[in-house]
Amino acid sequence: MLSKIVRTVANQLMLFILIFGLYLIMHGHDSPGGGFQGGAVVASGVVMLLVAFGSGGIIKWLRLRRLTAVACCGALIFLGLALAGTGTTFFHNFLLGTPVFGDIPPPGPGPSHVWSGGIIPLMEIAIGFTVMAGLSAVVLAMARFSSGEEIEE
Amino acid sequence: MSVLDYGYAVWAPIVWIVALIVIGAIVLIWRSRGRKDYKKGTTQSDIFLSGIKVPAEEQRHVKADNIYWGFFEALKGFYNVMMKPHTGIVNDYILWFVAVVAITVLILVLAQ
Amino acid sequence: MEQISVNFPFLAAVLLVGIALYIIVFRRNLIKLVMGIAILSSGINLFLVSLGYRTGGVAPIYTDVPEGPMVLPVPQALTLTSIVISVAVLALMLTLVVHIYRHTGDIDAKKSRILKG
Amino acid sequence: MHYLVTHSPALIVALPLLAAFATPLISRAGPRVRNIFNLVVLGMTAFLVAILAVDVHAVGIRVYTFGATLPEMALPGGYTVPVRIMFEVDGMSIFMGIVITTVALAAFTYSLQFLKGQSGQPRFYSLMMLLYVGMMGLAFTGDMFNMFVFLEIASIAGTGLAAYRTRMADAVEGGFKYIVISAVSALMVLFAIGVLYAQYNVLSIAALAHYMDYTMLDMMALGLLAGAFVMKLAGVPLHMWAPDTYTVAPAGTTPMILAASYTSMYALYRVTFTLYGAHIDTRAIGWVVIIVGVLSMFIGVMMAVHQTDIKRMMAYHAISQGGYMLLGVGVGLAVIADPVALANYGRDAINGGIFHIINHVFYKAMLFMTAEAIFFRIGTRDTNKMGGLARNMKWTTAFYAIGALAISGIPPFNGFASKLLIYQAVLRFNPVLSAIAMFVSLVTLASFAKVFYSAFTGPEMPAYREVKEVPRSMIIGMGILAACIIFFGIFPGLVVDTIVAPATEALINQAAYINAVMGAVP
């Protein structure tokens with residue numbers, strides 16, 4: 001555990017890191033970013049907390065079991081969305097043209113258009129949660145591992 | 001269906017199995033006409049080791065290391081050479097990989 | 001001169017691959033070996049992403065798009081996938097190195113080896 | 001039914017992937033639910049593979065384009081290059097699918113009781129499913145980059161499985177070696193893919209083969225690809241990781257990792273036959289494959305006789321048997337440009353090489369399972385410490401004997417059929433190679449006889465008086481494979497005609513593979 005200043009700053013910064021990560025995830029389909037990048041940013045926030053508070057404190061409220069469950073759920077949602085299109089083909093973008101994320105943004109100069117892309121933004125969110133939970137789990141597991149504890153399942 | 005025809009030779013497993021059964025039957029019949037005065041459990045079935053005392057049953061099993069001893073003794077030089085590259089060090093595996101890729105690329109580019 | 005500047009990323013990529021292979025082959029320290037593989041994947045990622053460069057092309061983002069031809073984002077997608085995969089591979093490798101260190105007390109490829117022959 | 005057939009290429013990969021991610025959640029409901037769930041998913045996948053196999057053999061190559069409005073629409077109107085990711089399933093792909101699925105069924109059944117009471121089982125089944133996905137994807141993909149992705153998925157899952165028993169120092173080491181060689185070879189594959197993409201701006205195998213100019217850079221890419229895949233399939237002199245990894249992997253997974261090696265062999269054939277094919281001078285690459293094959297056969301078997309660790313010996317035999325496959329297919333590859341030689345013996349040689357894949361995966365998977373059954377009961381792999389096990393482990397002994405006879409090419413088991421096919425085809429290409437192959441078979445028999453003698457026969461050892469036969473699911477797992485071995489041995493003609501000959505045809509007929517995607521493009 002590091003000094004109080006570091007811990008306070010880490011506490012405050014975590015909020016911004018979370019917001020930035022979620023922003024990257026949400027805008028992955030119409031601007032640079034995406035599920036992996038956003039998830040990695042959030043996981044880097046977890047690394048920061050880990051450094052500031054030490055693995056003992058974090059592990060109490062970030063359980064590996066829960067993180068695994070979130071990662072698996074994200075992956076399942078992703079695959080479920082892909083499977084839902086199997087009426088036409090696997091990975092078919094069946095939401096395009098519907099009221100849900102169905103718009104097609106006009107090409108040319110203009111603001112970012114979030115409400116577009118069909119299943120892609122939904123998939124980005126699913127991937128985002130998978131990566132967020134998965135990378136955090138890896139980092140946490142390795143931190144506990146190097147501190148000498150055995151990892152239970 | 002069962003026959004594999006190579007156009008050069010024919011492999012028919014069912015014919016082979018039938019032949020095996022027939023030959024096996026002949027061999028068994030032949031065997032049953034052999035000497036009848038062999039008895040198990042008497043001194044007839046005891047092990048004779050040039051008069052040396054026979055070791056206990058557990059000691060008599062030939063361990064894997066001792067099987068084909070002559071073969072390995074004769075090929076000692078070959079195995080010494082073979083063991084040298086099998087270091088078990090992961091770096092060497094990659095070294096072999098790099099070397100083989102380099103040679104393959106050279107052969108393919110020159111053959112083109 | 002322009003030729004050289006266009007080809008510069010490729011030279012850098014080949015240089016990185018060469019350095020990485022040198023490290024992987026000649027460094028017995030397992031952590032350094034993992035670093036070598038990380039450099040190897042960076043070199044190849046650099047190579048892939050350089051393939052997508054087109055002089056005068058613009059980034060393939062539909063909003064706020066300037067005039068001009070867009071580049072095909074396939075090499076970028078390939079690079080991103082490759083990065084994701086190498087993250088997983090490197091994490092796995094480091095975990096295994098930690099395990100090896102715990103079992104044998106050494107991270108030297110030669111001293112920590114059990115299986116051979 | 002039509003719907004299922006149409007979508008089966010995607011579903012075969014998607015269902016196990018779904019199961020892989022659902023397993024950690026479902027195992028909270030208890031181990032029994034998890035096992036049934038996994039077996040059901042695998043059974044459904046096996047059914048899909050079966051109907052897809054019937055369809056591919058009856059109709060021809062099936063293309064599945066992801067995300068398109070029609071699965072068959074690889075080229076949307078007006079395009080001259082395919083823009084979407086696609087699967088392309090031909091005779092060779094479905095052949096690998098059948099091999100992998102059968103092994104996976106046997107391996108899962110075997111693992112059910114093998115793992116009883118061990119920790120981390122959800123992870124184990126997840127990784128098994130993931131490895132299965134990686135192999136099936138590699139076999140079905142029609143896209144170079146996807147090939148790399150599935151190769152990496154299979155490597156990561158395989159590493160997780162090889163190092164599953166992390167409490168054992170050698171298991172971790174074997175896993176680490178596997179991931180290092182996998183990562184380096186996969187990155188070389190990616191490098192080669194980059195080189196190809198730089199010139200032709202396409203990734204689909206069919207489109208690449210259609211547009212390829214066979215420049216010097218292409219030949220360098222072929223060298224990189226061939227080297228990387230030979231590394232992954234453990235051909236001498238790139239074989240040294242295989243004994244380390246196969247030895248330490250737990251029982252049910254060794255056959256899966258073995259199958260993953262042969263999936264890499266499939267990738268090598270796909271690249272050399274379909275991507276490059278008869279347009280290059282195939283004698284060079286053909287002889288490279290033949291030389292690697294002969295070296296693998298000879299050095300693999302000579303190292304195997306020397307081993308005292310039972311699984312290590314079998315691993316070296318896996319290398320040696322891989323040499324037979326490479327020899328057979330290499331001969332076919334060397335003469336592919338010569339129609340007379342191809343009709344005379346080339347086709348037979350490829351038939352033999354491919355038939356040997358399925359035979360070898362079956363008997364070697366079973367042999368690994370028997371070795372692990374022994375380890376399960378007596379806790380050692382060292383043949384020096386074994387003896388008299390046949391008294392108490394009758395089923396295991398019987399399965400070992402069947403496997404040993406099959407691998408040595410003793411009739412009427414399946415190994416003989418494919419080996420005879422290879423011998424007589426190679427004899428007409430080069431008699432010396434055929435003689436080496438026969439000698440290797442002899443040494444194989446000798447080394448299996450050595451282990452049979454030292455482990456199973458002999459007087460009862462006092463330490464193993466209380467040893468029992470292994471649990472039923474393990475016997476069933478081995479029994480599935482033993483039944484396949486005997487069936488393939490008695491009906492080799494049927495197997496060659498139904499699944500092997502279409503695979504050979506798919507490899508030789510490069511134009512059909514290209515036309516299935518690029519048919520409309522001149």
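Predicted model: local features only at pLDDT ≥ 70, side-chain atom pairs only at ≥ 80, totals over all residues.
Chain A is built of 4 helices and 0 strands, and the order of its elements from the N terminus is α-α-α-α. The C-alpha trace of chain A spans about 50 × 35 × 20 Å along its principal axes. Chain A has 153 residues, of which 44% count as buried. When contacts in chain A between residues at least 6 apart in sequence are considered, 66% join residues at least 24 apart.

The interface of chain B and chain D involves 44 residues of chain B in contact with 71 residues of chain D. About 5100 Å² is buried between chain B and chain D, and 78% of this area falls on carbon and sulfur atoms. Across this interface 0 salt bridges are found, whereas 9 residue pairs, both members at pLDDT 80 or more, are in polar contact. On the side of chain B that touches chain D, at least two residues each are supplied by helix 1 (13-32), helix 2 (69-74), helix 3 (76-83) and helix 4 (90-111) of chain B. Helix 4 of chain B gives the most to this side, with 13 residues. The side of chain B that touches chain D comprises 34 nonpolar, 6 polar and 4 charged residues.

Chain D is divided into domain 1 (1-279) and domain 2 (281-490), whose C-alpha centres lie 23 Å apart. The contact between these domains takes 45 residues from domain 1 of chain D and 46 residues from domain 2 of chain D. The two domains of chain D bury about 3900 Å² between them, with 78% of it on carbon and sulfur atoms. In contrast to the interface of chain B and chain D, where the rule finds 0 salt bridges, the count between domain 1 and domain 2 of chain D is 3 salt bridges. The count of residue pairs in polar contact between the two domains, both residues at pLDDT 80 or more, is 14. The side of domain 1 that touches domain 2 of chain D draws at least two residues from each of helix 3 (91-114), helix 8 (216-232), helix 9 (241-248) and helix 10 (253-276) of chain D. Helix 3 of chain D gives the most to that side, with 13 residues. By class, the residues on the side of domain 1 of chain D that touches domain 2 of chain D divide into 32 nonpolar, 10 polar and 3 charged.

Side chains of opposite charge can pair when their charged atoms come close. Over all chains the count comes to 14 salt bridges. In chain D, the side chains of D170(D) and R381(D) meet in a salt bridge at 3.2 Å, N to O. A further salt bridge joins E372(D) and R165(D), with the closest N and O atoms 3.0 Å apart. This pair links distant parts of the chain, 207 residues apart: E372(D) lies in helix 13 (residues 339-378) of chain D, and R165(D) in the loop between helix 5 (144-162) and helix 6 (169-200) of chain D. E372(D) is buried, with a relative accessible area of 0%, and R165(D) is buried, with a relative accessible area of 12%.

D244(D) and R312(D) also form a salt bridge, the closest N and O atoms being 3.1 Å apart. Because D244(D) lies in helix 9 of chain D and R312(D) in helix 12 (residues 310-334) of chain D, the pair ties together parts that are 68 residues apart in sequence. Both D244(D) and R312(D) are buried. A network of salt bridges links D244(D) and R312(D) with E173(D) and K177(D). In chain B, the side chains of E73(B) and K76(B) meet in a salt bridge at 3.7 Å, N to O. E73(B) is partly exposed, with a relative accessible area of 36%, and K76(B) is partly exposed, with a relative accessible area of 47%.

Two residues of chain C were also examined. S41(C) lies in helix 2 (residues 30-51) of chain C and is buried, with a relative accessible area of 5%. The side chain of S41(C) reaches the backbone oxygen of A38(C) at 3.0 Å. With neighbours within four places in sequence left aside, S41(C) is in contact with S86(C) and L187(D). L15(C), in helix 1 (residues 2-26) of chain C, is exposed, with a relative accessible area of 57%. The C-alpha atoms of L15(C) and G43(C) are separated by 7.8 Å, the two residues being 28 residues apart along the chain.

Technical notes. Residues numbered from 1 in each chain as written. Chains lettered and ligands numbered in written order. Heavy atoms only, no water. Contact = heavy atoms within 4.5 Å. Buried area = accessible area lost by both parts, 1.4 Å probe. Salt bridge = Lys/Arg side-chain N within 4 Å of Asp/Glu carboxyl O. Polar contact = N/O pair within 3.5 Å; in protein donor to acceptor, adjacent residues only side chain to side chain. Nonpolar A, V, L, I, M, F, W, Y, C, P; charged D, E, K, R; others polar. Buried < 20%, exposed > 50% of the residue type's maximum accessible area, 1.4 Å probe, protein only. Domains from an automatic or database assignment.
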